Amino acid sequence: ALGRILALLNADHGGGVEGGEARVVGGAVRNSLMGLPVSDIDIATTLRPEAVMERAAAAGVKAVPTGLQHGTVTLVIDGKPFEVTTLRTDVETDGRHAKVAFSTDWKADAERRDLTINALYADAEGEVVDLVGGLADIETRNIRFIGDAARRIAEDHLRILRFFRFFAYYGSGRPDAEGLKACAAARSKLKALSAERVWSELRKLLGADDPGRALLWMRQVAVLTEILPESERWGIDAIPSLVATEKALGWAPDPLLRLAAIVPPDAARLEALSARLKLSNSEAATLKAWAITAPVNDEMTSAAFERLLYRNGADGITTRLKLALGVARGKAESDLDEMARSARLGKLLDQAMTWKKPQFPVNGADVIAADIPSGPRVGELLAVLENQWVEENFASDRAALLARLQQLAQ
Ligand code: ATP
Ligand code: MG
């Protein structure tokens, strides 16, 4: 499919710009050079968006004008989307929005990108075109800004977070010294960015296989406290053992679980954090659930644990257990008690992850049918009855509960 797209965009490209030329760019080139899976394929072209639309139409390829003002047309082949974007150069920028103009200049297009590893192109023959020294940085896994780091950050402050995000995914050794220094110097500008952009970048960073090193450097240069002051009271020390535990037990990287590990389990503060960074409702609920959940005593019986699950819901408890298990496993190597504790936590976690909430078999209609007039007393009686049912570990069936309801109602 990619070959077909490049072929149609490169048709009658005779080396001149009139015919138009298209190359794969960015993440797809970077990841294939690193031998990593490629998620989506971005294409850069000297053709104007209208010309891209025309050629697609002529070739019978579906084209969606997904961002014409940015020069982006999405071509769909075999159900796969390919974003085709006209080359651009920056005209002016205020650190949050860039004004761009279409161009046919590959070097200018490369130079307006953020990092050298993200500015490599691959042409229709699969030849890599490197205009900014990105190949060498791919080789050494060096995350480096194109040109003057401070200037590139001043153009778009989100690049501070992108620097650490790409370091988390692809960097090795220490982050590039000049980039790190420039990030540190500009950190206060992060506050001016929209919450959506910050959280979207932070979520990706936290979803890296191992975000631990990037978080350490972010803390080191006080970038972390700028976007996540909550982490200051709590710390990021839990991350390495959490990551090791995830790997050992085959859990997929979960950005929210990592976030929960570095902020205090305080409901009010988590709510404020979710509002500030504009987490989705479901993300905010997940994060908060772990704070309002009672701490789990790893020595509790499985029956007591089932009652806890019923009363608090499995989600928050599962998160708590995963975090506690991460900490315990981190200490287990040198501590037999922690090893035993890990085993108990692991068992509870299995129970929580396979648990199905039993359905309380009595409802308001049953209470009213027992001749109790509707009103606040209905709810009270139901609550008392449900509590008893939970205390006896869900043993009573509906008939027994209805009989007890009659007694309670007397
Ligand atoms: P992935 O999709 O795997 O996260 P990617 O490299 O495709 O990685 P995107 O965020 O999708 O990253 O951006 C695509 C390309 O656009 C980048 O490779 C980079 O060249 C450029 N780019 C994206 N955001 C910026 C930015 N804020 N400043 C400069 N260039 C950017
Ligand atoms: Mg991408």
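Q: How do I read burial in this structure: is Asp 137 buried or exposed?

A: Happy to start there. A residue is called buried under 20% relative accessible area, exposed over 50%, and partly exposed in between, using a 1.4 Å probe on the protein chains only. Asp 137 has a relative accessible area of 5%, which makes this residue buried. Before we go on, please keep in mind that this is a predicted model, where local features need pLDDT of at least 70 and side-chain atom pairs count only at pLDDT 80 or more, while totals for chains, interfaces and linings use all residues. Residues are numbered from 1 along each chain as its sequence is written, chains are lettered from A and ligands numbered from 1 in the order in which they are written, and side-chain values use heavy atoms, with hydrogens and water left out.

Q: Which residue forms a salt bridge with Asp 137?

A: A salt bridge is counted when a side-chain nitrogen of Lys or Arg is within 4 Å of a carboxyl oxygen of Asp or Glu. Asp 137 is paired with Arg 144, and their closest N and O atoms are 2.9 Å apart. Arg 144 counts as partly exposed, at 28% relative accessibility, whereas Asp 137 is buried.

Q: How many salt bridges does the structure hold?

A: There are 24. One of them joins the side chains of Asp 298 and Arg 341, at 2.4 Å from N to O. To place these two, note that helices (H or I, at least four residues) and strands (E, at least two) are DSSP runs, numbered from the N terminus. Asp 298 sits in the loop between helix 16 and helix 17 (302-312), and Arg 341 belongs to helix 19 (residues 336-354), so this bridge ties together parts that are 43 residues apart in sequence. Asp 298 is buried at a relative accessible area of 9%, and Arg 341 is partly exposed at 27%.

Q: Which residues are linked with Asp 298 in a network of salt bridges?

A: The network links Asp 298, Glu 299, Glu 338, Arg 341 and Arg 344. Glu 392 is in the loop between helix 21 (376-391) and helix 22 (398-409), and Arg 404 is in helix 22, so the two connect parts that are twelve residues apart in sequence. Glu 392 is partly exposed, at 30% relative accessibility.

Q: How should I read a helix, and what covers the buried residues of helix 16?

A: An α-helix has 3.6 residues a turn, so residues three or four places apart point the same way. For length, the expected span is 1.5 Å times one less than the number of residues. Helix 16 (residues 281-292) has twelve residues and reaches 16 Å from its first C-alpha to its last, close to the 16 Å expected. Its buried residues are Glu 283, Leu 287, Ala 289, Trp 290 and Ala 291. Their cover includes helix 9 (195-206), helix 14 (255-262), helix 15 (267-276) and helix 18 (314-332).

Q: Which residues are buried in helix 8?

A: In helix 8 (residues 177-186), these are Gly 179, Leu 180, Ala 182, Cys 183, Ala 184 and Ala 186. They pack against helix 6 (149-155), helix 7 (158-170), helix 10 (212-220) and helix 11 (223-227).

Q: Which residues come nearest to ligand 1?

A: A residue is near a molecule if one of its heavy atoms lies within 4 Å of it. Around ligand 1 there are 13 residues, of which Arg 30, Asn 118, Asp 156, Arg 159 and Arg 165 come nearest. A polar side-chain atom of Arg 159 is 2.8 Å from a nitrogen atom of ligand 1. An N or O atom in the side chain of Arg 165 is 2.7 Å from an oxygen atom of the ligand, and a polar side-chain atom of Arg 113 is 3.1 Å from an oxygen atom of ligand 1.

Q: Where is Ile 43 found?

A: Ile 43 is in strand 2 (residues 41-45), and is buried with a relative accessible area of 1%. Contact means heavy atoms within 4.5 Å. Leaving aside neighbours within four places in sequence, the contacts of Ile 43 include Leu 2, Ile 5, Val 24, Phe 82 and Val 84. Arg 141 lies in the loop between helix 5 (134-140) and helix 6, and is partly exposed at 26% relative accessibility.

Methods. A polar contact is a pair of N or O atoms within 3.5 Å; within protein, one must be able to donate a hydrogen and the other to accept it, and residues adjacent in sequence count only if both atoms are side-chain atoms.
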